[in-house]
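The stops below are meant to be selected one after another.

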Amino acid sequence: MEALTFAPRFELKKSTLHIALVGNPNSGKSSLFNALTGLNQKVGNFPGVTVDKKTGVSQLAPGLSVNIVDLPGTYSLYPKRADEWVTYKVLLNQDPAVKADMVVLLVDASNLKRNLLFCSQIIDLKIPVVVALTMMDLAAQKGIEIDVDGLERELGIPVVAVNPRKNKGIPQLKKIVELRARQLNLAPPRAFIGNQVLAAGAIQDVKRLFPEISDYTAIHYLINHEHFDLPSDQQQRIEAIEAAHSFNHTRIQADEILQRYGRIKQIMQHTVSEPDPLEKTLFTERLDKLLLDRTWGYIILLGVLFLLFQSVFWVAQYPMDAIDWTFSKLGGWLGQALPDSWLSDLLVNGLLAGLSGILVFVPQIMILFGLITILEDTGYMARISFLTDKLMRKVGLNGKSVMPMISGFACAVPAIMSARNIENRKERLLTILITPLMSCSARLPVYTMLIALVIPRTEVMGFFSLQGWVMMGLYMLGLVMAMVVSYVAKWFIHLKEKSFFILELPIYRAPRWNNVVVTMINKARIFVVDAGKVIMVISLILWGLSSFGPTHRSAVAAQYEERIRQHPDQASVLQKEKQASLLENSYAGVLGKVVEPVIRPLGYDWKIGIAVITSFAAREVFVGTMATLYSVEGGKDADQQTLRQRMASARREDGTPVYTLASGVSLMIFYVLAMQCMSTLAVVRRETRSWKWPGIQLAYMTGLAYVMSLIAYQLLK
């Protein structure tokens, strides 16, 4: 991004501008960002911070494009969390990598008093700013009437009413931004409050060091200069100014906030008409009485989760069966059409088997993430955090821990990163330790395969799928074990800090269906591209390990060829025995036999042992591993069968099935509880800055998975 600063005498001499999009949380920032940029978006991280950075391009006018940076939501210019510091440093012009020519500030019309605090602070920074007034429809529902023109006169900056969800006011906003962009040298004409009187002497001394900054910016230099990238001599001079004037951070901040709210009260008296707050109870408030009830709230939550997992099976079953059938037919056709060579074997049993193991689970992943996006868009996901705060505190966490845990249903890596929003160190550490117990999307293919294999496709009460019940049970098992682990671990982590849980509940809204579709497509693409690459590479490596072996393997092949010549009437049976023996004597077979004594008490054979090892790179690799191993073992006879059919027909040496209810449940429990993810361990190391906690995590999760799987198998066998 091109570096530009808020210069007092800036003239528009180029066609590209950089605009910061800021506002309070839940003010409609994401909707406006999407409306302005459309598909011209990129997502990354701010330099040095694991906080999402969304950037996009918008065409304001012919020859005038704008680069928009969507900054994290914040309530004021007094940051506490990592994401708030990102916004703060950009607005104070202290981020060398992210600069902006002007600011578009979103103000929630339904919560005008609170939003105007942040607005007033930005005005006093003397940054070119345009206000986008959102939630006007909600304000109208509350009976609030706002004189937009009067508000513009009082603030001294442009104000435009917009509704990004319905694309209302966007052309007007673009026009105002274009006009303001051509007058960047004009700062807001007057200060919101008299900042000079807060600390006159100290402000004057700081402005001698930095003549270009405003009075209010000088106050922030005095308060937070330690966080700014300033030369050591300037840092020392600011410290000296603080000492010389006995600058008191807390008193200055309190005086400032009181003055701002006093001025905001006057503005609202002149520009806002509000009804008696007791006159009207909104639909949101009435619905919250039910959804946040101590009894009904939990019942409804369980019902929502149940329907979520039932839907994953109901809706996805048909496309999954179609994909599975297509690949089995394609594999059979290629097996018959291609010549008998190692290259054909690589294509059918390596490449095609690995690809089928990826694509067959795309429908379930798309449906799961689509439903989660609907819950987030409607505002119900925030209610889950609020509802579960009391329960979370009993096990050493708080309501803020719920969002990383719910995010863990998608992927533990960004979920652990999002725990940075938890200010309390002990609660943050506990959240990091238990988040991998949430069943991430990588486990979904494993669950789906094993449930379809060992759980009958029957209905409970004539309507609900038994497989859906089992799927929900696996997710709930991870959640319950996370609570148990947190309760135990809180006694061993000796950090004592007070914690508070403050959450703004967004209003209920209809989901943005285009956003749901885009999310589903993106999640499917990420799974196919990112996870798919790992699965394909490991599938091809496994094909090599399964197709080649020590020198005595050729003697085994020769023995079976001789037996087939002697007994041609048993050729089909002997061919299957040959393929199984060759696989057992391959490099993969040798590796599996090494780990088999350890996992045999859990009900697993050596093939499952190989899958457990390879899936440490990524859990979903289990599926590709099984597809490759059973394709190689079955040879051309397996080409006409689906992977589920091959696994269902698998037998041990004594003739008993490999996959029974006992071994299947044991394996599912193992994957619920085991730490089968190198990426998660790496991000825990980065977030905790120590290998101690990833080591503890790996040890307790592996031990817990082994013990619980052992108990399950021994009870069910």
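How many residues has α24, and how far does it reach from its first C-alpha to its last? It has 13 residues and reaches 19 Å, close to the 18 Å expected at 1.5 Å a residue; the expected span is 1.5 Å times one less than the number of residues. Helices (H or I, at least four residues) and strands (E, at least two) are DSSP runs, numbered from the N terminus.

Before the next selection, a word on the model. It is a predicted one, in which local features need pLDDT of at least 70 and side-chain atom pairs count only at pLDDT 80 or more, while totals for chains, interfaces and linings use all residues. Residues are numbered from 1 along each chain as its sequence is written, and side-chain values use heavy atoms, with hydrogens and water left out.

**The whole protein**

Of its 717 residues, 54% count as buried, where buried means under 20% relative accessible area, exposed over 50%, and partly exposed in between (1.4 Å probe, protein chains only). The accessible surface comes to about 32400 Å², of which 60% belongs to carbon and sulfur atoms; such areas come from the Shrake-Rupley method with a 1.4 Å probe, and for residues only the protein chains shown count as cover.

**Helix α24**

Select residues 587-599, the range of α24. The helix bends by about 30° at lysine 593, and proline 597 follows within four residues. The bend at a residue is the angle between axes fitted to the seven residues ending there and the seven starting there. The buried residues of α24 are Ala588, Gly589, Gly592, Glu596 and Ile599.

Now select glutamate 596, which has a relative accessibility of 13% and therefore counts as buried. Which residues does glutamate 596 contact, leaving aside its neighbours within four places in sequence? They are Asp605 and Trp606, contact meaning heavy atoms within 4.5 Å.

**Helix α18**

Move to residues 425-434. Eight of the ten residues of α18 are buried, so the helix is largely enclosed by the rest of the structure. Among them are Leu429, Leu430 and Ile432, as well as Lys426 and Glu427.

**Salt bridges**

The structure holds eleven salt bridges, each a side-chain nitrogen of Lys or Arg within 4 Å of a carboxyl oxygen of Asp or Glu. Select glutamate 154 and arginine 263, whose side chains meet in one of these (3.7 Å, N to O). Glutamate 154 lies in α5 (residues 148-155) and arginine 263 in α10 (residues 249-271), so the pair ties together parts that are 109 residues apart in sequence.

Next, select glutamate 178 and lysine 175, which form a salt bridge at 3.8 Å, N to O. Both lie in α6 (residues 170-181), three residues apart, about one turn of the helix. An α-helix has 3.6 residues a turn, so residues three or four places apart point the same way. Is glutamate 178 buried or exposed? Glutamate 178 is buried, at 10% relative accessible area, whereas lysine 175 is partly exposed, at 44%.

**A nonpolar surface patch**

Finally, select Val480, Val484, Tyr487, Val488, Trp491 and Phe492, which form a nonpolar patch on the surface with about 630 Å² of accessible area together. Patches are made of residues with over 30% relative accessible area and no salt bridge; like charges are joined within 9 Å, and nonpolar side chains (Val, Leu, Ile, Met, Phe, Trp, Tyr) within 5 Å. Tyrosine 487 is in helix α20 (residues 466-489) and is partly exposed, with a relative accessible area of 41%.
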